[in-house]
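Please read it with the coordinates open.

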Amino acid sequence: MRFPGWRTIGKSGPMRWFVIVVVVAVFVAGGWFAYHGVTSEVAGTAVPTPPPTFESPDRKVQLRVPDGAMDLGTEVRFSVPGPEVVEDLNKSARGVTAAGAPVDVQVVKGKLAADRVLVTLEYDPGLIPQGLNDKQVGMSVFDTELGSWVPILDAKVDPATRTVTAIAPHFSTVIATVLNAAKSAVDIGGKVIQTVIDANVTIARWITKLHTEILVTLLKDFLGIPEELKCTSTSPNVTVQAKSLLDLVRACAQPGEGSDTTVRLRNGFAFPLRTEPLPAGMAIRLSDVWNDGADVPNLVRNAFWAFRGQVVFPGTLVGSVTATSDLAAPVTVKMDIDADAVTFDMVLAALMVVGPAAAVAKSALKVVVEGLLKGAVKAEALTGWLKKSYEGLDCAVKAAHQVVDPFGKESIRAQADIAAGCVEQVLGALGLSGALRALISNVRILPEVVQTVLYPAAGQLGEQFGLYQQGPATVSVERFQVSSTFVGHWQVHGAVVDINRDGTGKVSWNGGPCTASLTEKRHCWGQAPLTFKAGANNTLVGTFGTVRYTTGEGGAVVTDYAFGSSGFQQGQTFSLWRNDEHTLKVSEGGPGNPYLCDAYASSHSNLCGA
């Protein structure tokens with residue numbers, strides 16, 4: 001920037017001295033402002049030499065502004081944040097530690113264009129870890145929207161001046177950083193990626209290599225061999241039947257929380273499956289999405305599809321979906337090939353690189369997922385890294401869903417282009433596409449990596465892909481409902497039975513005198529939960545759960561009760577059938593005489609008396 005007529009005015013006699021005095025005054029004033037910048041005053045102003053430059057009071061930070069990147073009269077403040085900033089970077093930034101003091105750069109007046117201004121910082125060679133050198137030095141900027149430290153991958157190091165220079169994506173806290181071999185093992189929310197940090201690798205190269213390794217790990221997830229399918233116990237009232245070619249999809253049902261039933265499913269195909277939107281009566285609970293043993297990438301994947309009412313079944317984890325008490329009629333859960341899987345994971349891998357440790361921690365993610373599944377939080381209300389991940393993955397899914405053969409060579413190339421475009425879109429909205437250009441470019445060259453990972457399973461993929469197209473996998477789910485003729489509150493002399501619509505119930509009965517170990521003679525009262533299922537010829541079969549005895553209803557538990565003729569035991573079964581409008585008949589082994597009466601029969605019939 002030049003002052004108008006600088007040389008012409010400078011040639012005149014008295015005027016020349018006037019100009020000199022003015023210029024000296026300007027520089028003195030500029031120095032005063034720069035000095036006071038440490039105490040939150042303006043730290044530097046543009047000097048009349050091209051290009052305009054801002055400099056911190058200690059001259060360790062410099063901003064060089066190209067033509068057209070600054071409003072006239074722009075002022076910048078430099079300030080030094082507290083030691084907690086360095087502590088946070090050393091703890092949370094991936095692969096790097098501080099190589100100098102952080103500085104907070106703020107435009108307090110006017111405007112500086114983002115992604116155009118060169119920032120130069122000094123670094124301290126004494127902070128370079130042993131065995132490394134200036135080649136491993138770089139620069140990071142703190143992104144407030146992501147809540148994380150983002151490396152500027154095109155940073156240039158000048159060992160002679162001990163400075164590092166990069167184009168600022170935006171203006172906030174910047175710091176010189178250096179790779180640190182102590183951080184070569186990177187925890188990506190439960191997935192530990194082993195990397196190499198030595199004197200031959202730069203920060204940009206290390207970041208792109210990390211991205212590649214994350215993708216390889218994600219791809220191996222859905223191509224692995226899942227654990228064997230096991231249900232802790234069989235659901236008494238929900239039956240499931242899986243149907244697929246070669247019986248590669250299997251399912252079982254086990255009791256869930258409350259009246260829910262968990263339908264567990266094992267995908268034996270060599271590619272991930274995703275359900276269509278779930279039918280009425282089927283739902284996704286936190287337990288279906290959340291697995292404390294799973295890593296964040298899998299949880300993000302599960303949560304993303306759960307918000308759409310769908311479930312993904314990769315190859316290494318047995319998944320589940322929930323049959324609720326609202327399941328009144330048989331339904332079929334249909335599954336299709338997860339054609340978006342490769343594109344999805346390419347985008348997720350890139351976003352995991354820039355994700356902050358706090359935001360991708362399970363505790364933070366779990367709170368969000370719980371809120372979303374309960375309807376308390378909407379996807380569009382997400383913030384920070386999770387919001388940007390959701391946007392990037394949504395972009396990938398919308399574009400990749402038209403892919404016909406998701407695992408073909410040409411298709412993978414097309415998916416890489418889609419993924420790169422989505423990553424660039426997300427990072428561009430944050431003003432980070434320039435700083436992370438190398439990461440975006442790395443997405444475009446991933447097809448070879450993907451093909452290398454898929455190659456060992458290529459034959460199986462092709463064969464099973466062809467088989468799957470002949471007939472998709474389905475899981476039929478049916479909840480047994482007790483007929484209304486049995487549902488209700490029933491009683492007989494010395495016993496009460498409750499039968500519920502969902503096939504659960506309970507029974508309590510007079511067990512007779514308790515054991516002699518009690519100091520006073522009292523009757524024992526027996527209690528047990530019941531489960532019911534359909535029997536032959538319109539009968540209902542009941543099964544006793546855990547039996548316990550107390551001294552009267554709600555009294556002290558009796559552990560040494562001597563079973564007599566009325567001693568029911570866990571697992572004992574009995575049958576019920578309709579006797580007339582108000583009574584049931586009970587088979588041997590059940591609570592009855594052998595009748596059970598409703599309230600009307602109890603007062604109008606002698607069948608259920610003593």
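How much space lies in the largest cavity?

1. The largest cavity holds about 160 Å³ of space, and the structure has four cavities of 30 Å³ or more. A cavity here is a set of points, on a 1 Å grid over the protein atoms alone, where a 1.4 Å probe fits but cannot get out, and lining residues have an atom within 4 Å of a point. Grid points are joined across faces, edges and corners, and the volume is the space filled by probe spheres set on the points.

2. On provenance, this is a predicted model, in which local features need pLDDT of at least 70 and side-chain atom pairs count only at pLDDT 80 or more, whereas totals for chains, interfaces and linings use all residues. Residues are numbered from 1 along each chain as its sequence is written, and side-chain values use heavy atoms, with hydrogens and water left out.

3. Of the 17 residues lining the largest cavity, Ala-93, Arg-94, Trp-149, Pro-151 and Val-353 are the closest to its centre. The elements that give two or more residues to this lining are β9 (148-151), α4 and α7 (341-354), where helices (H or I, at least four residues) and strands (E, at least two) are DSSP runs numbered from the N terminus. The lining divides into 11 nonpolar, five polar and one charged residue; Ala, Val, Leu, Ile, Met, Phe, Trp, Tyr, Cys and Pro count as nonpolar, Asp, Glu, Lys and Arg as charged, and the others, Gly among them, as polar.

4. A search of the whole structure finds three disulfides, each being a pair of cysteine sulfur atoms within 2.5 Å. In one of them, the sulfur atoms of Cys-231 and Cys-252 are 1.9 Å apart, and the torsion about the S-S bond is about 90 degrees, so this disulfide is right-handed. Because Cys-231 lies in the loop between α4 (203-223) and β15 (238-243) while Cys-252 lies in strand β16 (residues 249-255), the pair ties together parts that are 21 residues apart in sequence. Cys-231 is partly exposed at 23% relative accessibility, whereas Cys-252 is buried at 16%; buried means under 20% relative accessible area, exposed over 50% and partly exposed in between (1.4 Å probe, protein chains only).

5. The sulfur atoms of Cys-395 and Cys-422 are 2.1 Å apart in another disulfide, which is left-handed because the torsion about its S-S bond is about -75 degrees. Cys-395 lies in helix α9 (residues 384-400) and Cys-422 in helix α10, so the pair ties together parts that are 27 residues apart in sequence. Both Cys-395 and Cys-422 are buried.

6. Helix α10 has 21 residues (409-429), which at 1.5 Å a residue should span 30 Å, and its end C-alpha atoms are 31 Å apart, in agreement; the expected span is 1.5 Å times one less than the number of residues. Among the buried residues of α10 are Ile-412, Ile-418, Cys-422 and Val-426. Gly-431, which follows α10, has a positive phi near 75 degrees.

7. A further disulfide joins Cys-597 to Cys-608, with an S to S distance of 1.8 Å. This link of Cys-597 and Cys-608 is right-handed, with 85 degrees about the S-S bond, and both cysteines, Cys-597 and Cys-608, are buried.

Technical notes:
1 Å grid on protein atoms, 1.4 Å probe; cavity = no way out; pocket = protein on both sides within 12 Å on 5 of 7 lines; lining within 4 Å.
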